[in-house]
Amino acid sequence: MSGKPKLYYFDGRGKMESIRWLLAAAGVEFEEEFLETRDQYEKLLQGGSLLFQQVPMVEIDGMRMVQTRAILSYIAAKYNLYGKDLKERALIDMYVGGTDDLMGFILMFPFLSAEDKEKQRAFIVQKATSRYFPVYEKVLKDHGQDFLVGNHFSWADVHLLEAILMVEEKKPDVLSGFPQLQAFKARISNIPTIKKFLEPGSQRKPVPDDKYVETVRRVLRMYYDVKAN
């Protein structure tokens, strides 16, 4: 294994995108191997690299790690983005867990039919503005600090910014009623490592397109239709 983490996934967002975000936020360079054929996937399976027969998979520090949450937790701890003590870590876990729930509504969006996409778009915006964003708005307002936990930049901040930008792709003015989150988005977006990741030419992936959907379906042999929430 090389010195840089190596990411095995499709050339698109999916579950790997949050890993890309966190590595980039930590200022860590990484390599990627994109899965484009079923044979590539089968080779990983036959080699025993995919513990639960699924990707994402990341080679880091001599390990082949699977399970997205385990990978993210490891990266956060390794690069001091996981709080200074157990209580801060618990808060980060809670906030990341909530953000994960919101992002889960968006993850399968590209695989929906055109009709279901319109229903899901409205559902995503409704959940974001009524359940999730109000929580973070209140946290930031109540403690009056720049970051979600301990007034230190953490995994929770990275994850929330990623989610905000994903929801804004569905409704650009979604933060209009959330002044604290508007200010938060501006602050976090201007952290040098994040700012670099948001610039054109970075390893951040674009909104999934039909080519990405076709590749995932082919490699994973997804022959069923995904349904909206």
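## Surface, fold and hairpin

The accessible surface of the chain comes to about 11,700 Å², and carbon and sulfur atoms contribute 51% of that area. The model is a predicted one. Of the 229 residues in the chain, 47% are buried.

Charged side chains number 33 positive and 32 negative, and the centres of these two sets lie 2 Å apart.

The chain contains 9 helices and 4 strands. Their order along the sequence is β-α-β-α-β-β-α-α-α-α-α-α-α. With a radius of gyration of 18 Å, close to the 17 Å that the globule rule gives for 229 residues, the chain is therefore as compact as a globular protein of that length. The C-alpha trace spans about 50 × 45 × 30 Å along its principal axes. Among contacts with a separation of 6 or more, 68% are made by residues 24 or more positions apart.

Strands E3 and E4 are antiparallel and are joined by 4 bridges. Within this pairing, Val58 has Met65 of E4 as its bridge partner. The two strands, E3 and E4, form a hairpin with 2 residues between them. In the turn, Asp61 adopts a positive phi of about 55°.

| Strand | Residues |
|---|---|
| E3 | residues 57–60 |
| E4 | residues 63–66 |

Note on methods:
Residues numbered from 1 in each chain as written. Predicted model: local features only at pLDDT ≥ 70, side-chain atom pairs only at ≥ 80, totals over all residues. Heavy atoms only, no water. Rg over C-alpha atoms; globule rule 2.2 N^0.38 Å. Buried < 20%, exposed > 50% of the residue type's maximum accessible area, 1.4 Å probe, protein only. Contact = heavy atoms within 4.5 Å. Areas by Shrake-Rupley, 256 points an atom, 1.4 Å probe, with all protein chains shown as cover. Lys, Arg positive; Asp, Glu negative; His and termini not counted. Charge placed at Lys NZ, Arg CZ, Asp CG, Glu CD. Pairing = 2+ DSSP bridges.
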